[in-house]
Amino acid sequence: MPLTRSILAYPPFHLSEICEPLGRVTFELFKNVVPRTAENFRQFCTGEYKNSRGVSQGYKGSKFHRVISQFMIQGGDFLNGDGTGSTCVYGTKAFQDENFSLKHTQKGLLSMANSGPNTNGSQFFVTTVPTPHLDGKHVVFGKVVDGYDVIDRIEKTRTGRRGRDVPDLDVVIAESGQL
């Protein structure tokens, strides 16, 4: 199925690496294909979701905790910062896979990171190459429409000193929102 241009939002991420601004990445969300998945991401981008204690939760200030060259960059764990934390805007820790209509056919796709079927939460990844082996396992819900050069720079971040695939320097989402 071709990528369609039904736009929910263009949430921008302003990224930095140890206080050096890397630039802005803008995503298009595919709300016409995966509305619940797109809305979950959008609310974490804007910070409008509040947990049970009324505290705002979202991507601002979180980091990309996993970088694998020629594969993907992963972020969205604003709870623990290491890939072990996740939540969703639907009042549970996770929500079901909405569908697998969209495939991992190109670089720059925005997809849900999960720990198995129906475990979608706040974590996401951006592909840096086509990844067809992920089809049917991870929900594609958007794509990079501006700032892919920033994704390229993140992909080139050195890893390994703090753990396998963990960036040696923190790559932080300094600002996050909706245009």
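Here are some questions and answers about the predicted model shown above.

Reader: Before we start, which rules apply to a predicted model like this one?
Author: Local features need pLDDT of at least 70 and side-chain atom pairs count only at pLDDT 80 or more, while totals for chains, interfaces and linings use all residues. Residues are numbered from 1 along each chain as its sequence is written, and side-chain values use heavy atoms, with hydrogens and water left out.

Reader: Happy with that! What pattern does the protein follow along the sequence?
Author: Helices (H or I, at least four residues) and strands (E, at least two) are DSSP runs, numbered from the N terminus. The protein has two helices and 10 strands. Read in order, the pattern is β-β-α-β-β-β-β-β-α-β-β-β.

Reader: Is cysteine 88 buried or exposed?
Author: Buried means under 20% relative accessible area, exposed over 50%, and partly exposed in between (1.4 Å probe, protein chains only). Cysteine 45, at 2%, is buried. With a relative accessible area of 0%, cysteine 88 is also buried.

Reader: How many disulfides are there?
Author: A disulfide is a covalent bond between the sulfur atoms of two cysteines. Here the rule asks for a pair of cysteine sulfur atoms within 2.5 Å. By this rule, the count is zero.

Reader: Which residues touch the most other members of the largest nonpolar core?
Author: A nonpolar core is a set of buried Ala, Val, Leu, Ile, Met, Phe, Trp, Tyr and Cys residues joined through side-chain atoms within 4.5 Å. The largest one has 36 residues. Elements giving two or more residues to this core include α1 (35-46) and α2 (148-155). The members touching the most others are Phe27, Phe41, Tyr59, Leu110, Phe124, Phe141 and Ile154.

Reader: Which residues does threonine 84 contact, leaving aside its neighbours within four places in sequence?
Author: Threonine 84 sits in the loop between β4 (72-75) and β5. Its relative accessible area is 55%, so threonine 84 is exposed. Taking contact as heavy atoms within 4.5 Å, its partners are Asp77 and Gln123.

Reader: And how far apart in space are threonine 84 and serine 115, C-alpha to C-alpha?
Author: In sequence, threonine 84 and serine 115 are 31 residues apart. In space, the C-alpha to C-alpha distance is 9.7 Å.

Reader: Finally, what share of the 179 residues is buried?
Author: Cysteine 45 and cysteine 88 gave us two buried examples. Over the whole protein, the buried share of the 179 residues is 51%.
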